[in-house]
Amino acid sequence: MYLKPCDFGPAVEKIEVNLGRTVLFNSVNKEDFEVAAMSGALESFTQNSGIVKSIRPVKNAYISDGKGQHSEDTISQFITLEFETAPYDKYTVPFNDSKLIKNDVFYNYRITNSKMGIFVKDRYDIVCPEASVFTEGSHLWRDSETADTVTLNYNYYLPENKTEKIPLIVFFHGMGEAGEEACRSLLNIKSVNLAGNEIQQYFENGAAVLIPQCPTGWMEITDKDPFGNRLWVVVDIDGAVNNAVEKVTSPLTNLFSKLTGEKLSYTSTVKTPVSYYSAPVKELIDNFIEENPQIDTERIYIGGCSAGGYMTVNMMIHYSDFFAAAFPICEAFPDNRISDSDMKKLSQKPLWFTVSLDDETINPQKNTLPTVERLKNLGAPELHYVYYEHVTDTTGQYKNEKGDGPFMYDGHYSWVYVLNNHVEDKGLKLFDWLSRQRNCN
């Protein structure tokens, strides 16, 4: 199964089948194949189990070389099937949508060709060349006071040159990539592009990339409720994220009020919340730098989208002397939760904010926009911000429903512009700007 990183997530672009026997090139016809996208529980995955989610039309079919490419021979034991990919066809994306069940759900294809006697259901491997340049790792953090532990999975990329000093880009994913499948943080939001030539070209000897994965959510904070449970930052009073959080927190607040006669508040305009994952992430970064001495500690950059944008701002506040610059995207840090003193810290650092004004998941009117205004009022010397009206397809491949314009993504997807290197302010590209920043502390 070959995955293509797309703005809407990883898409199954083609599948290569090992027949175990050779066939002639002219015996392969796309019309003879039926390809079903399947889903179901792993423990019950047998030849006849699973749910057919979609029948995917075959765009092209041909004998291949074992690497998914056209074979120059007239016979081969491999056949490759190609498919169209589109942002409005969710069954092209090989991840389960549920945030509650992940590892016990399979995503597979059942391939049938009665004329050729083919019935295939066993998935041997998933291939994504763009993701293959990354290496997976895992870091165990232990709280010295409570003995609590946190395991952070992560992906990292290192340029081949291991002698010259290089910067490090740390990138934080959003809520949709939280969990234990580290590949999600690479492919769901196309962060693989951070290791691609389009972005790497701005750094003379390349840049290292570190992408940690949060087990729960970056917005889980160190504060606790009366029952000892860690709280979450409540974001965007009118938005979808806050509505989801309210369903969890409301029963707790109601119970507390009945028992004590007091009203429990989750918000504060004075104390800036601290992500529970601040210390684990900082230790991971420190260890990564220690293991890779070619990293220039004066050029440690951080960025992230949505909840990862919250984590970007969080880390910039609590470790302001450590990072050289930050680029939050559709960030989810409520402006009214940032104290004046912490805002002053932020104003002294190079920052680049990106957001789409039609974002209905994280309301920019309560996050990015007022934060930028406060930074401007503080005279932030190295502040950039780019506001888009909408997020539209940048590839030219996908049209809207009427076919008279580009496909329009959810307004929350402003990372599409950043990770495709399209963001610029007065002719200056975001990653060109980032490459010029150094920590003067």
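Which residues of α5 are buried?

1. A word on the model first. This is a predicted model, in which local features need pLDDT of at least 70 and side-chain atom pairs count only at pLDDT 80 or more, while totals for chains, interfaces and linings use all residues. Residues are numbered from 1 along each chain as its sequence is written, and side-chain values use heavy atoms, with hydrogens and water left out.

2. Helix α5 covers residues 307-318; helices are DSSP runs of H or I with at least four residues, strands are runs of E with at least two, and both are numbered from the N terminus. The twelve residues of α5 reach 16 Å from first C-alpha to last, close to the 16 Å expected at 1.5 Å a residue (the expected span is 1.5 Å times one less than the number of residues).

3. To return to the opening question, the buried residues of α5 are A307, G308, G309, Y310, M311, T312, V313, N314, M315, M316 and I317. Buried means under 20% relative accessible area, exposed over 50% and partly exposed in between, with a 1.4 Å probe and protein chains only. Eleven of the twelve residues are buried, so α5 is largely enclosed by the rest of the structure.

4. Next, a neighbour of this helix. The axes of α4 and α5 come within 11 Å and cross at roughly 80 degrees (axes are lines fitted to C-alpha atoms, for helices over the stretch in contact, with angles from 0 to 180 degrees between N-to-C directions). That makes α4 roughly perpendicular to α5, a label for angles of 65 to 115 degrees; under 35 is roughly parallel, over 145 roughly antiparallel and the rest oblique. S278, V281 and K282 of α4 meet M311, N314 and M315 of α5, where contact means heavy atoms within 4.5 Å.

5. K282 also lies over the face of F322, at 4.2 Å from the ring centre. The test asks for NZ of Lys or CZ of Arg within 6 Å of the ring centre and within 35 degrees of the ring normal.

6. Finally, the aromatic pairs: a search of the whole structure finds 21. Rings of Phe, Tyr and Trp (its six-membered ring) pair if their centres lie within 6.5 Å, with planes under 30 degrees apart counted as stacked, over 60 as edge-to-face and the rest as tilted. The W141 and Y276 rings have centres 6.3 Å apart and planes at 90 degrees, so this pair is edge-to-face.
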